[in-house]
Amino acid sequence: MSSGLRVVIDKPACCGYGICAEICPEIYKLDENGIVYVDDPLVPEGMEERAREGADACPQSALAIKAA
Ligand code: SF4
């Protein structure tokens, strides 16, 4: 089930700090260059808080959580 939220990534803004993936590795993954990606932008039900925490922790503001 989806939470009705999705992750929006501003890839050029990502500098590969990896904080998002530390906080919420279920959603935020890092590619071989350390840049964030998601397998599925839809946030699973029950993961809303952690998805938001991971997005809010990004020093580059490269992640946003929006209505799906
Ligand atoms: S915390 Fe931000 S800058 Fe760091 S990997 Fe995640 S999206 Fe990229």
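Which residue in S5 does Ile9 stand opposite?

Author: Ile9 stands opposite Leu63 in S5. Keep in mind that this is a predicted model.

Start with the strand that holds Ile9. Strand S1 covers residues 2-9. Strand S5 covers residues 63-67. The two pair in the antiparallel sense, over five bridges. S1 has another partner in strand S4, residues 42-44. S1 and S4 also run antiparallel, and two bridges join them. On that side, Ser2 stands opposite Pro44 in S4. In a regular strand, side chains alternate between the two faces of the sheet.

Leu63 takes us from the strands to the ligand site. Leu63 stands opposite Ile9, and Leu63 is also one of the residues that line the largest cavity. The ligand sits in that cavity. The volume of the largest cavity is about 70 Å³. The structure holds one cavity of 30 Å³ or more.

Now the lining. One run of the chain supplies Cys14, Cys15, Gly16, Tyr17, Gly18, Ile19 and Cys20. Val36 joins the lining too. Cys58, Pro59, Ala62 and Leu63 complete the list. By class, the lining has ten nonpolar residues, two polar and no charged.

Next, the ligand's own surroundings. The shell around the ligand has 14 residues. The closest are Cys14, Tyr17, Gly18, Cys20 and Cys58. The shell divides into eleven nonpolar and three polar residues.

The protein chain has two helices and five strands. From the N terminus on, the order is β-α-β-β-β-α-β. The C-alpha atoms fill a box of roughly 30 × 20 × 15 Å along the principal axes. The radius of gyration is 11 Å. A compact globule of 68 residues would have a value near 11 Å, so the chain agrees with that rule.

Technical notes:
Residues are numbered from 1 along each chain as its sequence is written. This is a predicted model: local features need pLDDT of at least 70, side-chain atom pairs count only at pLDDT 80 or more; totals for chains, interfaces and linings use all residues. Side-chain values use heavy atoms; hydrogens and water are left out. A residue is near a molecule or strand if one of its heavy atoms lies within 4 Å of it. On a 1 Å grid over the protein atoms alone, a cavity is a set of points where a 1.4 Å probe fits but cannot get out, and a pocket is an open set with protein on both sides within 12 Å along at least five of seven lines; lining residues have an atom within 4 Å of a point. A molecule sits in a cavity or pocket if more than half of its atoms lie within 2 Å of its grid points. Ala, Val, Leu, Ile, Met, Phe, Trp, Tyr, Cys and Pro count as nonpolar, Asp, Glu, Lys and Arg as charged, and the others, Gly among them, as polar. Two strands pair if DSSP finds at least two bridges between them. Helices (H or I, at least four residues) and strands (E, at least two) are DSSP runs, numbered from the N terminus. Grid points are joined across faces, edges and corners, and a volume is the space filled by probe spheres set on the points. The radius of gyration is taken over C-alpha atoms; the globule rule is 2.2 Å times the number of residues to the power 0.38.
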